[in-house]
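The model is a predicted one.

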Amino acid sequence: MVSPLMLFSRNGRSDSLTLEGRVLAPAQGIDECLRITVTDGVISGIEPAPASGLVIAPAFVDPHVHLRTPGREDEETVRSGSEAAAAGGYCAILAMPNTEPVVDSAAVLGALIERARSDAVVPTGFMAAISKDQSGEELSEMAELASAGAAAFTDDGRPVESAGLMRRALQYSALAGRPLALHCEEPTLSRGGHAHEGHVSAEIGLGPYPSTAESLMVGRDLALAAAEERPLHLMHLSARESVDALRRARDAGVTATAEVTPHHLCLTDEAVRSLDPNFKMNPPLRSEDDRRTLIDALRDGTITVIATDHAPHARHEKEVPFEDAPFGVIGLETAFAALHTLLVLPGELTLEVLLERMSAGPARVFGIPEPVVEVGARANLVALDLEAEWEVTEDGFRSLSANSWLLGTTLSGRVVRTIADGREVFVA
Amino acid sequence: MAELRPPASPPRHLLSVRDLTRDDVERVLETARRMASSVDREMKKLPTLRGRTVVNLFYESSTRTLASFELAAKRLSAETMSIRAAGSSVDKGESLKDTASTLAAYDPDVIVVRHPSIGAAHLVARCTKASVVNAGDGKHQHPTQALLDLYAMEGALGRLEGVHVAIVGDALHSRVARSLVQALELVGAHSTLIGPPTLVPRDIEALGCAISTDIRDLASADVVYVLRMQQERMAPGEAFIPSLREYTALYGITPERVQPGQVVMHPGPMNRGVEIDARVADSEAALVIDQVRAGLVVRMAVLYDVLTVAPVLERAVAEVA
C-alpha cells in the first residue's frame with residue numbers, strides 16, 4: 001500500500017563493509033555474536049563471530065523531527081538535521097510541516113523532496129499539513145500531497161482545534177492512505193501555560209498547562225477515530241490521563257498508536273526549577289507519576305514509538321527568561337545515549353525494548369520498511385558502544401542548534417557507526 | 001568599618017526565598033535592625049559599601065522598590081545607577097542578555113533586576129559576574145519584599161515564631177504571596193491563602209501554607225496580608241472572577257472583617273475600595289508605611305549581605321552596632 005517513494009536522500013554509492021558484535025534485533029528475536037557482511041548496501045552474509053565489545057542493532061527511525069526548512073535554515077537544514085540523525089544512529093527520519101511556509105502544497109513538498117535528494121544524508125520523509133497553512137480551517141489537498149510523496153499528515157505545533165475538521169480529516173485521509181499524526185492540546189486550557197500544572201508551577205508562578213489540556217483532546221480524537229473507524233497516531237504523549245484514554249480506546253478496538261519523547265521519559269517538572277529554557281517543551285515535563293506511566297506504557301506496548309521531537313532553536317531565542325523562551329529541545333544526537341543512561345542502566349527499561357521502540361516500532365506505524373538483520377535486506381544498522389562515556393557539550397552537535405536539556409551531562413553509550421539504506425553515513 | 005575584600009567568587013545572589021536558610025533570613029533581619037538603629041541615631045549615611053557599584057535594571061514600573069534600592073545603595077555610600085526599560089536601548093529591541101552584558105562591562109558589584117518575565121534574574125545571574133538581586137520577576141519571586149514584610153511584622157508583633165498570616169486575594173498571579181509564604185515557613189510562622197478558587201494556585205499547599213475560600217478564616221490570624229487585585233485579571237479570555245464588585249463583596253478587607261488586635265499589611269500600591277477599604281488602610285492597624293520604611297533598611301542589609309561573606313559580615317555588623 002505504501003509507496004516506496006516516501007523517504008528521500010542524496011544518491012550515492014552503496015557501501016560494502018563488515019560489522020561484528022553482539023547483534024541485538026529484538027523484533028526478530030536475535031541476540032548473538034555475529035559478523036554481518038554488507039555488499040553493495042545489501043546484507044550478504046551473517047555468520048557466528050567471537051564475542052566483542054559492540055552491540056549491532058537495526059538502525060533507528062525517528063518519526064518526529066523539525067528540520068526548520070524552509071524558513072529557518074539558521075536553526076536547521078535538511079543537511080545538518082540529517083547529519084545529526086546519522087550521528088544519532090538513525091536510518092530514517094520524518095520532518096514536520098510547521099515551517100515557513102507550511103508544507104501544505106505539492107509545490108512546497110516537491111521543493112523539499114528535491115532538497116532531500118541533494119542534501120539528506122539519511123533517508124528523510126516529510127509530513128504535510130492536515131489543514132491549509134495549519135490554520136485549522138480547511139483540509140489540505142491530502143490526496144495530491146500523498147501522491148507527491150507526503151509521508152503522513154499532521155498540524156504538529158498546534159492542535160486541530162475544530163472537532164468538525166478533525167472528523168473530516170479522519171474521513172478524507174482514507175483517500176491519502178497515509179497516517180494522521182496528532183498534536184493533542186486543548187488551547188483554552190493550555191493558553192498562557194509554561195509548565196505542568198502542579199506544585200512546581202504553583203511555587204514558581206509559571207502559567208499552568210494542565211494534563212487535561214492534552215488528555216481532553218486525546219479523548220476527543222480517539223472518540224472520533226472510533227466513530228469513523230479510522231486509525232490515528234498520537235504524538236508526544238506526556239500525561240497519565242492520555243495514556244489511560246489510549247489504553248481504553250485500544251481495548252475497545254480503536255486502531256491508535258502513540259509516541260513518547262526521551263525528555264518525557266527521563267525528566268519531570270522538577271527540572272523546571274532551574275528556569276533553564278532548555279527544560280521548556282510542549283507538552284511540558286510532567287510529574288513523576290506521569291513519567292512512570294509513560295515508561296509502563298512503553299514496556300507493555302501501549303506506546304510503541306520513541307520519537308525525539310527534535311526542535312532546534314537559535315541560541316538567542318533560548319537565551320531569554322524562561323517565560324519568554326520558545327518550546328522545544330533538540331534530541332537526535334542524544335536520544336539513544338540518554339535513554340540508555342537514564343532508563344536502561346538504572347533498570348527502568350530493558351535494552352531490547354528500547355531498541356525495538358526506536359526502530360521497528362516507529363517504522364511499523366508509518367509504513368517504513370522495518371530495519372532488519374537478514375540476508376538480502378538493505379543494510380540499516382547501528383553499532384553501539386555501551387561502555388563509552390561522553391559529555392554533551394554545546395559545540396559537539398552536528399545540528400545547527402544546541403538547545404539540549406543534556407548540556408554538561410555525561411552519558412554512557414555511544415553510537416559509533418550508522419549504516420542507512422546501505423550506506424555508511426556516520427563513523428565516530 | 002573593616003575594609004571589605006572583593007566579593008568571593010562565585011558571586012552571591014538573592015534570586016529566590018527558596019535559596020535561603022533560616023540563618024540567612026535571621027542574619028539579614030539582624031543586619032537591617034542594626035542598620036536602622038545606626039541610621040536613626042547619627043548620620044544617615046554609612047561608609048560600608050564605598051567604592052562599590054549597584055545597578056538597578058528595571059523593566060517594570062516601580063515606585064517603592066526602585067526608590068528604596070537607590071536610597072539603600074546611597075545610604076551605604078555605593079555608587080548607584082538606575083536603568084529603566086523606557087528610554088533605554090531596550091526600546092530599540094535589545095535583549096535582556098545584551099543589556100545585562102553591556103552593563104556588566106562596567107563591573108558593577110550588584111545588579112538589581114525587575115522584569116515582567118519569570119526567570120529574568122536567573123538569566124542575568126547566568127550571564128554576568130555581578131551579584132544579582134531579584135527585585136521581582138513576573139509571577140515568580142520578590143524576595144526582598146518578603147524579607148521586609150518579615151521585618152515589619154516582627155517590629156509590630158515582637159516575634160515571628162508561631163505567627164499566623166492570612167494572605168488574602170490573588171495568590172495565583174502574585175510573586176509577593178509566593179515569596180512571603182516561603183519566608184514565613186522558614187522562620188517558623190505559617191500562612192493561609194484566602195481567595196476565590198480560581199485565584200488560588202493548584203497544589204500551592206506544597207509550600208506549606210493552608211488554603212481557604214472563606215474570608216471568615218482570617219479571624220484566627222495575627223496578620224491580614226492583603227494582595228493587590230489587578231484589573232487585567234478580568235480581561236477577555238482571562239476572566240478569573242466575574243467582577244471586581246463581587247470580589248470586593250466576598251474578599252474586600254473592611255473594618256468589620258478585621259479583628260481587634262490584628263495588623264493589616266499590603267505590599268502596595270493599594271486599590272482603595274477594591275481589595276482594601278480606605279478606613280482599614282488608614283487605620284492604626286495598617287502597617288503599610290512601616291513596610292515602606294522596612295524596605296529601606298532591609299534592602300541596605302541585602303546589598304550588604306550579598307557583597308560580604310558571612311565571617312566578614314559578622315565582624316562588620318558588630319562594628320555597625
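## A covered helix in chain A

The buried residues of α1(A) pack against β5 (60–65), β6 (90–95), α2 (106–119), β7 (124–128), β16 (410–420) and β17 (423–427) of chain A. Helix α1 spans residues 78–87 of chain A and is mostly covered, with 10 of its 10 residues buried.

The buried residues of α1(A) include four alanines in a row, Ala84(A), Ala85(A), Ala86(A) and Ala87(A). After α1(A) comes Gly89(A), with a positive phi near 95°.

## Paired strands in chain A

Strand β1 (residues 17–25) and strand β2 (residues 30–39) of chain A pair in the antiparallel sense, over nine bridges. Within this pairing, Arg22(A) has Cys33(A) of β2(A) as its bridge partner. The hairpin of β1(A) and β2(A) has four residues between the strands, and Gly29(A) takes a positive phi near 70° there.

β2(A) also runs antiparallel to strand β3 (residues 42–48) of chain A, joined to β3(A) by six bridges. Here Thr37(A) stands opposite Gly45(A) of β3(A). This second hairpin, formed by β2(A) and β3(A), has two residues between its strands. Asp40(A), in the turn, has a positive phi of about 50°.

## Two domains in chain B

The domain assignment divides chain B into domain 1 (17–141 + 295–309) and domain 2 (143–292). Their C-alpha centres lie 25 Å apart. Where they touch, 21 residues of domain 1 of chain B are in contact with 20 residues of domain 2 of chain B.

On the domain 1 side of this contact, the elements giving two or more residues are α1 (22–41), β4 (131–137) and α9 (288–306) of chain B. The largest share comes from α1(B), which supplies five residues. By residue class, the domain 1 side divides into 10 nonpolar, six polar and five charged residues.

## Contact between the chains

Chain A contributes 17 residues to the contact with chain B, and chain B contributes 22 residues. The largest share of the chain A side, four residues, belongs to helix α6 (residues 199–204) of chain A. The residues on the chain A side divide into eight nonpolar, four polar and five charged.

How values were computed. Residues numbered from 1 in each chain as written. Chains lettered and ligands numbered in written order. Predicted model: local features only at pLDDT ≥ 70, side-chain atom pairs only at ≥ 80, totals over all residues. Contact = placed C-beta atoms within 7 Å. Nonpolar A, V, L, I, M, F, W, Y, C, P; charged D, E, K, R; others polar. Buried ≥ 20, exposed ≤ 12 C-beta atoms within 10 Å, placed from the backbone. Domains from an automatic or database assignment. Pairing = 2+ DSSP bridges.
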